[in-house]
Amino acid sequence: MQTENFSALTHNFLAHEALALYQSYFSAFDQVVSLLTDSDDPDALNEMLRILGEASKSSMSGLYLNEADGRVARLHAAWRDQDCHLAQNTPQPFVSLEYAKYPLLADTLAVGMVLNKSLLELPLAEQMLLAQVGVRQLLCIPLLNNGELFGFLTFLNDEDARQRESMELRLLAMLANHVAQALLKARAELNAAANLQRLRAIVGGTQDMVFELDPAGMICQVWSGHPAMPSVESLLGRPLTVALPFELASELVHRLPKILAHQAKEQFHSHLQQLSF
């Protein structure tokens, strides 16, 4: 009878622990989503790592992003538990991590797998890297873009006692996937804004007009740096065939399908008798 009661208590305790773990991670998920939605917050990444670090009961959490050539990952943001025993100063190999020097880490992340090891389970190269700051447990989760590694989240612990079950690893992987999507979206928006700024600067120094069409042939963006050109308001949101003179519109309608199909560019001249917008 005592054995049955002990088994029941153990089962209830484990169920309670699992529920508490789920609640902790789903709370973290909501907070991370809210943070990453606000892309203008300069401290969002550090705060995200604090939330993830505390939810996973880590001594330290970090975000690494690959450089353009994919050979080096740089520490982009980090959080450290003030009560942990890890070194406060981050050594240079941790700031700029060369994948070639740590083959187990590189190979595991490259195939989209999680690396979850204690210090003594790791090859000597990884052991020496982690020993510099007092790490006893390592967890790295890849950040992927269409299957390609562009960075990873890392969670470090200063003792071996912190063991993570498969359920917790799945929850962390789910959070990492959301982080990856948010980072890719922010990167795309940043690139788009930079391209738009460059285009405005180029057009502003010429007498040209540049406009962008949506798939239905509607003019959705207009850039013009010359006062003699038609106003943006007269073109924006109107069909190409209505907004532009017939001679010019017919040339564009004739040529655009071929240009798009072959991903090519083409230059032509159109002589207009009279501009009337």
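Modeller: Two strands pair if DSSP finds at least two bridges between them; helices (H or I, at least four residues) and strands (E, at least two) are DSSP runs, numbered from the N terminus. This is a predicted model, in which local features need pLDDT of at least 70 and side-chain atom pairs count only at pLDDT 80 or more, whereas totals for chains, interfaces and linings use all residues. Residues are numbered from 1 along each chain as its sequence is written, and side-chain values use heavy atoms, with hydrogens and water left out.

Biologist: Over how many bridges do β5 and strand β6 pair?

Modeller: β5 and β6 form a hairpin with two residues between them. Strand β6 covers residues 148-157, and its pairing with β5 is antiparallel, over nine bridges.

Biologist: Which residue in β5 is the bridge partner of S118?

Modeller: Strand β4 (residues 115-118) runs antiparallel to β5, joined by four bridges. The bridge partner of S118 is Q137.

Biologist: How many of the nine residues of strand β5 are buried?

Modeller: Buried means under 20% relative accessible area, exposed over 50%, and partly exposed in between (1.4 Å probe, protein chains only). Strand β5, residues 137-145, is mostly covered, and its buried residues number seven.

Biologist: Does M48 count as buried or exposed?

Modeller: M48 lies in helix α2 (residues 44-55). Leaving aside neighbours within four places in sequence, M48 is in contact (heavy atoms within 4.5 Å) with V32, L35, L36, L153 and V179. Because its relative accessibility is 0%, M48 counts as buried.
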